[in-house]
Amino acid sequence: MVESAQLENPVVAVSTVSETRTEPSTRLVSLDAFRGLVMVLMLAEVMRLPVVAQAFPHSLFWRIIGFNTEHVDWQGCSLHDLIQPAFSFLVGAALPFSIASRRKKGQSFGVMVGHAAWRALLLIFLGIFLRSLHSAQTYFTFEDTLTQIGLGYVFLFLLGFTRVRTQVVTLVLILILFWAAFVIYPAPPASFDYTHVGVPQNWGHNYTGFLSHWNKNSNLSWAFDVWFLNLFPREHPFVFNEGGWSTLSFIPTLATMIIGLLTGEWLKRSGSKNRKLRGMVVAGFLLLLGGLAFQWAGICPIVKRVWTSSYTLYSGGWVLLILAAFYALIELKGWRQWAFPLVVVGMNSIAIYVMSWTMTSFVGNALDRHIGPLFSVAGTTLQPVLHGFAVMLTFWLILFWMYRRKIFLRI
């Protein structure tokens, strides 16, 4: 999960206990604010905006809101689809700062690697734990955001000690090899029964021809999970993931983290803020256009649920451009006050992530019990929006209390 409470990790700090620390004055506030936005977008699911949007089928505003507050069915990318790559990107952007800080403290390479391995294990196990909350036994699944980051974190950490050229070559190799692996795995035959793997009959999102290598629950990632996930004890044998999510997505997720790592290196080096901003904008547009070009050429589709190489480029471009906007407003222009509510969330992101999984129902039921009638003021249709906003506000007040007392939860 993305989190920071000190300069040594401006994007990610993971620790098992809450700590009280004095915050350093020199930090990239834009990273905290961006991280806060990502967490708010994740938590906004509680407002059920896609459901509310269905009540306004003729409203362009609500169509835009509805599209961007849920995952697309298969090909394409909404704002909601950028949440997980933003998490991953921010993990990578933290590393150059973290490594520099640890070196300054005199930590040995072995100690740092050991800490990275411990952090990775905790992220994996926390992801599995949270996904198992409503299961009769441990639900072994590895497509969760925390788990995906944890699976690639040690390798990312080691890359943080290499030259930029090595990082770029590794990024390119991951994208090419992951694409090639899907191409080599046999595409589903014309007679393939998609209904046996959770895909509705005549589903309109299946590809034909070359791109059918990336069809839902009939691709390399699905085949891997049918083997891999059934190695673990399960209530029922794994046959398919209803959403098409997969374990192997951690490989291109690592590529997204490397894009973040390269961005962190760029922001850390000396140079004017204008130059850094221009670099992020140019890189963002190049990544964006690269992902679109591969899809338009019929080489690789933009599909988040299996994290295709085109999606890695496309989503990475958008994340970079959004960060560039935050950097321009906060670091370049010096406009910081507007971002304070986001900074409060961004500096305790691990806390809000866990709270969203464990406390949403409790807080929502308590609000209904004590002030439920207030949510009907805007009418039945908009009631979920007010209710969800009240839940989010409650969480924010808890985080604000923690912020005022300099309590920042880490793993």
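A cavity here is a set of points, on a 1 Å grid over the protein atoms alone, where a 1.4 Å probe fits but cannot get out, and its lining residues have an atom within 4 Å of a point. Volumes are the space filled by probe spheres set on the points, with grid points joined across faces, edges and corners.

Before you start clicking: this is a predicted model, where local features need pLDDT of at least 70, side-chain atom pairs count only at pLDDT 80 or more, and totals for chains, interfaces and linings use all residues. Residues are numbered from 1 along each chain as its sequence is written, and side-chain values use heavy atoms, with hydrogens and water left out.

**Stop 1: the largest cavity.** Select F34, L37, V38, L41, L79, L82, I83, A86, V319 and I322, which line the largest cavity. The space inside is about 70 Å³. Now colour by helix (a DSSP run of H or I, at least four residues, numbered from the N terminus). α1 (29-43), α4 (83-104) and α11 (309-332) each give at least two lining residues, with α1 supplying the largest share, 4 residues. By class, the lining has 10 nonpolar, no polar and no charged residues. (Nonpolar means Ala, Val, Leu, Ile, Met, Phe, Trp, Tyr, Cys and Pro; charged means Asp, Glu, Lys and Arg; the others, Gly among them, are polar.)

**Stop 2: the second largest cavity.** Switch to Q84, E143, Q148, W245, S246, S249, K304, R305 and W307, the lining of the second largest cavity. This one has a volume of about 60 Å³, and its lining has 2 nonpolar, 4 polar and 3 charged residues. In total the structure holds 5 cavities of 30 Å³ or more.

**Stop 3: aromatics.** Rings of Phe, Tyr and Trp (its six-membered ring) pair if their centres lie within 6.5 Å; planes under 30 degrees apart are stacked, over 60 edge-to-face, and the rest tilted. That rule gives 27 aromatic pairs. Pick F142 and F228: they form a tilted pair, 5.3 Å centre to centre with 50° between the planes. F142 sits in the loop between α5 (109-131) and α6 (145-159) and F228 in helix α8 (residues 220-228), so the pair ties together parts 86 residues apart in sequence. Both F142 and F228 are buried, meaning under 20% relative accessible area with a 1.4 Å probe, protein chains only.

**Last stop: S98.** S98 is in helix α4. Draw a line from its C-alpha to that of P186, 88 residues apart along the chain: the separation is 42 Å.

Note on methods: Buried means under 20% relative accessible area, exposed over 50%, partly exposed in between (1.4 Å probe, protein chains only). On a 1 Å grid over the protein atoms alone, a cavity is a set of points where a 1.4 Å probe fits but cannot get out, and a pocket is an open set with protein on both sides within 12 Å along at least five of seven lines; lining residues have an atom within 4 Å of a point.
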